[in-house]
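Please find below my notes on the model shown here.

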There are 2 protein chains.
Amino acid sequence: MIEITLLRHAKVAGPAALYGKTNIEAQIIENQKIVNSFSNSEQAFDLVVSSPLQRCYLVAQQLSTELNVQLVCNEYFEEMNFGLIDGIPFEQLVGDNASHVNAEKYWSLLEMFWQNPAQTTLPLAESLAEFNQRVTKGWQLLIKQLIAQSAKEDNCGKKILLVCHGGVIRMILAHVLALDWQNANWYQGLSIDYASTSKITLTVLANHDEKSSLRVNYIGLPLSSMTGKD
Amino acid sequence: MIEITLLRHAKVAGPAALYGKTNIEAQIIENQKIVNSFSNSEQAFDLVVSSPLQRCYLVAQQLSTELNVQLVCNEYFEEMNFGLIDGIPFEQLVGDNASHVNAEKYWSLLEMFWQNPAQTTLPLAESLAEFNQRVTKGWQLLIKQLIAQSAKEDNCGKKILLVCHGGVIRMILAHVLALDWQNANWYQGLSIDYASTSKITLTVLANHDEKSSLRVNYIGLPLSSMTGKD
């Protein structure tokens, strides 16, 4: 059995914006809360996998050290690339302080994107389909590796901590639940809190096929620091 | 804003079986853990709503007393009725000790039901469509009442604790996320742990319409006592 705990990074140190490829850091104090919670919990991991972006990788390094577990960086699990709008503070795009030269155009594109993410590609951004393909490919490769390694070591249990992003977690959950990743409700309605965890259990069948069962339930970290959606 | 925390009852005091209308109790010690967790948390509620079945209602009564909040019983949120197979221990239906007169027939029906719950109705049971209609009707009535009450009291915030069942929670989550409740993956893949909580935030718009945003993330109770699916 393979257990993968998806951990979303902590709240970022910056104004509200759509952060994708933008390499903003998480708040140091919030990272520390994550590390403390994992240290105090009884969870053990065989491997930490992390998105290369700082808001994930820094806390993944701390967790790797603290829990004495190997850390691997994996680019497949980077957040979606939101192109030209990535990282621009919302206050520059809407409201009284909207100072950006393309404020009106970008805000209208963002509204279209939120309404219908599968049909709207932001300027110079990754499309939702490309993002879906990248994340599910990364997921499948990771699972394949874990299964191969388990078989080699004759060790059928593997516990992985995957530190990544809201969009990546949502895409993985849709994949393991075989839900329609194009459904706008999955993006508008489902909130993945900062520092929250979702646990996925994969039962490896004899033919090395995989059957996944998802547990969205809590696994012991009282880290509900969420203030809004994504 | 209306916040509804869905709490699944604790582990039941009985052998593994498909428990629906069967009025089995939860384990007393597990109920106490739930009460302790809520007492120690900073969560406050305006109302506790509970399924009438003992595995929910007893802990709801304890929580109502402990948190000093009104308790209301609501039959719409009873678990699905599994008819003749409801509550029969699985060990009577399969394996070396399969003693039930209809063991083979019932087990084969159960397997069909698990593969395709929307197309399979167990003998004398509620169909998945009937169950869906009942739960979503109960949900809509509850929300309507809460909105009306908020408007009357000029109080736009309501926090509700709804103590209910795995099937009911799954149906409510599918409804608020506008997902296809007939999709077998939603039943096979998604695990709702005993004593787990899922939080739904409804933003009430000016026209008294409702817009829901679901937070499946944890809200502070380290109660991961789950041993299997449902």
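1. Along its sequence, chain A runs β-α-β-α-β-α-α-β-α-α-β-β-β, with six helices and seven strands. Helices (H or I, at least four residues) and strands (E, at least two) are DSSP runs numbered from the N terminus.

2. This is a predicted model, in which local features need pLDDT of at least 70 and side-chain atom pairs count only at pLDDT 80 or more, whereas totals for chains, interfaces and linings use all residues. Residues are numbered from 1 along each chain as its sequence is written, chains are lettered from A and ligands numbered from 1 in the order written, and side-chain values use heavy atoms, without hydrogens and water.

3. Of the 230 residues in chain A, 54% are buried (under 20% relative accessible area, 1.4 Å probe, protein chains only; exposed is over 50%, partly exposed in between).

4. In chain B, helix α4 (residues 128-153) packs against helix α5 (residues 166-176) at about 70°, with axes 10 Å apart. α4(B) and α5(B) are therefore roughly perpendicular (65 to 115 degrees; axes are fitted to C-alpha atoms over the stretch in contact, and angles run from 0 to 180 degrees between N-to-C directions). Residues in the contact (heavy atoms within 4.5 Å) include W139(B) of α4(B) and M171(B) of α5(B).

5. C56(A) is buried, at 0% relative accessible area. C73(B), in no disulfide, has its nearest cysteine sulfur, that of C56(B), 9.7 Å away; C73(B) is partly exposed, at 38%.

Conventions:
Angles under 35 degrees count as roughly parallel, over 145 as roughly antiparallel, 65 to 115 as roughly perpendicular and the rest as oblique. A disulfide is a pair of cysteine sulfur atoms within 2.5 Å.
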